Amino acid sequence: MIDKVIAAGLVLPDLTRTVAEEHLEELTKLIETAGGSVVDRVFAKRQRPDPATFFGSGKAEQMKSKAEREGATLVVFDDDLSPAQVRNLEKIIGIPVMDRSALILEIFAGRARSRESRTQVELAQLEYMLPRLTRQWSHLSRQAGGAGAKRGVGETQLEMDRRIVRTRISRLKTDLAKIEQTRETQRKSRTAAFTVALVGYTNAGKSTLFNRLTHGDAVAIDKLFATLDAKSQRAAFEMPRETVIIDTVGFIRKLPHHLVASFRSTMEEAVSADLVLHVIDGSHPQFHEQREIGEQVLDDLGVDRERVIEVYNKVDQFDDHFMPRREASIAVSALTGEGIDRLIAAVSVRERADGEMMRLHVPHEDSRMAAKLHELAEVYEQTVTEQGTIFRVWVPHHAVHLFEPYSAEQLLESARLK
């Protein structure tokens with residue numbers, strides 16, 4: 001159980017104290033999200049991490065005194081630790097030690113609700129645990145295996161445990177592949193719709209923006225990783241085409257690579273989306289760094305920058321000097337609604353870019369063409385006349401040639417010339 005915690009951060013030469021403090025502030029929010037409270041913060045300034053204790057044995061001794069004084073029950077480091085570093089630190093400090101990756105996994109385990117996210121979290125936990133199993137069985141590894149034995153009891157038990165974990169990992173990967181097939185089927189079922197994925201740093205306000213655009217009720221709270229599962233809902237505004245908004249899991253600095261891999265299927269929603277809104281908390285002092293982290297994740301996923309619009313959220317909290325200085329970026333407040341009209345207009349422009357608005361006249365006897373129109377195009381209006389039906393539609397570029405002979409404007413021009 002995470003209770004009273006000491007947060008620890010290492011200040012290396014390429015990191016200023018100010019930035020290190022901001023990173024530790026984020027670690028504090030992670031600890032609070034996991035249900036703990038930070039009773040002290042400790043920094044160590046070094047040229048490089050100490051191989052044995054990460055912080056150095058002297059600093060670790062100081063942390064022991066702080067832990068005793070504050071009644072701390074856990075120390076959380078802002079960086080990943082090796083199994084040996086954790087073991088050595090726990091011997092010196094006298095209480096459990098956790099690194100950033102383990103903390104994030106703890107949070108994800110508590111937040112996972114769907115079958116997919118639970119499977120992803122368990123997979124990430126086991127992959128994180130596998131190289132650390134030695135610690136759990138160290139008390140057995142010292143036991144001899146008897147005369148003539150090639151391996152000790154502890155080694156045999158450890159290998160058995162590793163085999164169980166590897167088997168479970170293999171099973172979870174198979175389960176995830178099946179879940180992804182189901183998700184892919186769901187994606188194909190909405191191919192006629194224009195999909196807009198919301199991505200960005202955790203706590204940037206994606207869920208609040210999702211609710212604003214869909215009139216939905218996604219959880220929107222001031223905590224990190226409020227959203228783990230991708231959620232989709234139709235846009236609540238008048239749009240040129242049927243539009244589906246998708247909310248995705250948030251990015252974060254130093255996200256454990258096991259989680260990046262296991263949550264890739266969730267982020268595939270962004271890869272397959274027609275448009276990606278990169279939501280950035282413009283009021284955050286480190287929004288530049290958060291934006292860069294988001295851009296790196298999108299690049300890793302193979303998302304074309306041409307499909308991305310930067311949305312600077314929380315404009316109601318911007319200072320007077322804030323300027324995104326990015327072409328075609330949009331500043332909004334998902335909370336108050338400011339700038340939402342501009343964002344919707346920008347999405348509408350992107351929706352129309354892949355096709356044309358047309359006014360068509362389809363004779364009553366040409367029912368097959370009317371059916372094809374409903375299959376391939378977005379129908380906004382239809383008016384029945386004595387001769388046929390007049391449609392106002394959006395037609396994708398690849399199908400425009402099929403309907404050009406039915407253009408109402410051309411028919412009117414032909415009638416006028418006759």
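A helix here is a run of at least four residues that DSSP labels H or I, numbered from the N terminus. Keep that in mind, as Glu295 sits in one of these runs, helix α12. The model you have open is a predicted one.

**Start with the whole protein**

Colour the protein by secondary structure. You are looking at 16 helices and 13 strands. Now show the surface: of the 418 residues, 48% count as buried. How much of the contact in the protein, at a separation of 6 or more, comes from residues 24 or more positions apart? Such pairs account for 66% of those contacts.

**Stop 1: helix α2 and helix α3**

Select residues 57-70 for α2 and residues 83-93 for α3. When you look at such a pair, keep two things in mind: packed helices are described by the angle between their axes and the distance between the axes. Here the axes come within 8 Å and cross at roughly 50 degrees. Are α2 and α3 parallel or oblique to each other? Angles under 35 degrees count as roughly parallel and those from 65 to 115 as roughly perpendicular, and α2 and α3 are therefore oblique. Their crossing is right-handed.

Next, show side chains where the two helices meet. On α2, pick Ser57, Ala60, Glu61, Met63, Lys64 and Ala67; on α3, pick Leu89, Ile92 and Ile93. Sorted by class, this contact of α2 with α3 holds six nonpolar, one polar and two charged residues.

**Stop 2: helix α4 and helix α5**

Move on to residues 100-111, which form α4, and residues 115-129, which form α5. These two pack at an angle of about 155 degrees, and their axes are 10 Å apart. That makes α4 roughly antiparallel to α5. The crossing in which α4 passes α5 is left-handed.

Which residues of α4 meet α5? Select Ser101, Ala102, Leu105, Phe108 and Ala109 in α4, then their partners Val121, Ala124, Gln125 and Tyr128 in α5. By class, the contact of α4 with α5 has seven nonpolar, two polar and no charged residues.

**Stop 3**

Is Arg183 buried or exposed? Arg183 is buried, with a relative accessible area of 10%.

**Stop 4: helix α12 and Glu295**

Now select residues 287-301, the 15 residues of α12. From first C-alpha to last, α12 reaches 21 Å, close to the 21 Å expected at 1.5 Å a residue. Its buried residues are Phe287, Gln290, Arg291, Ile293, Gly294, Glu295, Leu298 and Leu301. While you turn the view, remember that an α-helix has 3.6 residues a turn, so residues three or four places apart point the same way.

Zoom in on Glu295, which is buried with a relative accessible area of 12%. Leaving aside neighbours within four places in sequence, Glu295 is in contact with His278, Arg305, Glu310 and Arg326. Before leaving, click on Gly302, which follows α12 and has a positive phi, near 85 degrees.

**Last stop: helix α13**

Finish with residues 340-352, which make up the 13 residues of α13. The first and last C-alpha atoms of α13 span 18 Å, close to the 18 Å expected at 1.5 Å a residue. Which residues of α13 are buried? Highlight Ile340, Leu343, Ile344, Ala346, Val347, Ser348 and Glu351 to see them.

Technical notes. Residues numbered from 1 in each chain as written. Predicted model: local features only at pLDDT ≥ 70, side-chain atom pairs only at ≥ 80, totals over all residues. Heavy atoms only, no water. Expected span 1.5 Å × (residues − 1). Buried < 20%, exposed > 50% of the residue type's maximum accessible area, 1.4 Å probe, protein only. Axes fitted to C-alpha atoms, helices over the stretch in contact; angles between N-to-C directions. Parallel < 35°, antiparallel > 145°, perpendicular 65-115°, else oblique. Left-handed = near helix turned anticlockwise from the far one by under 90°. Contact = heavy atoms within 4.5 Å. Nonpolar A, V, L, I, M, F, W, Y, C, P; charged D, E, K, R; others polar.
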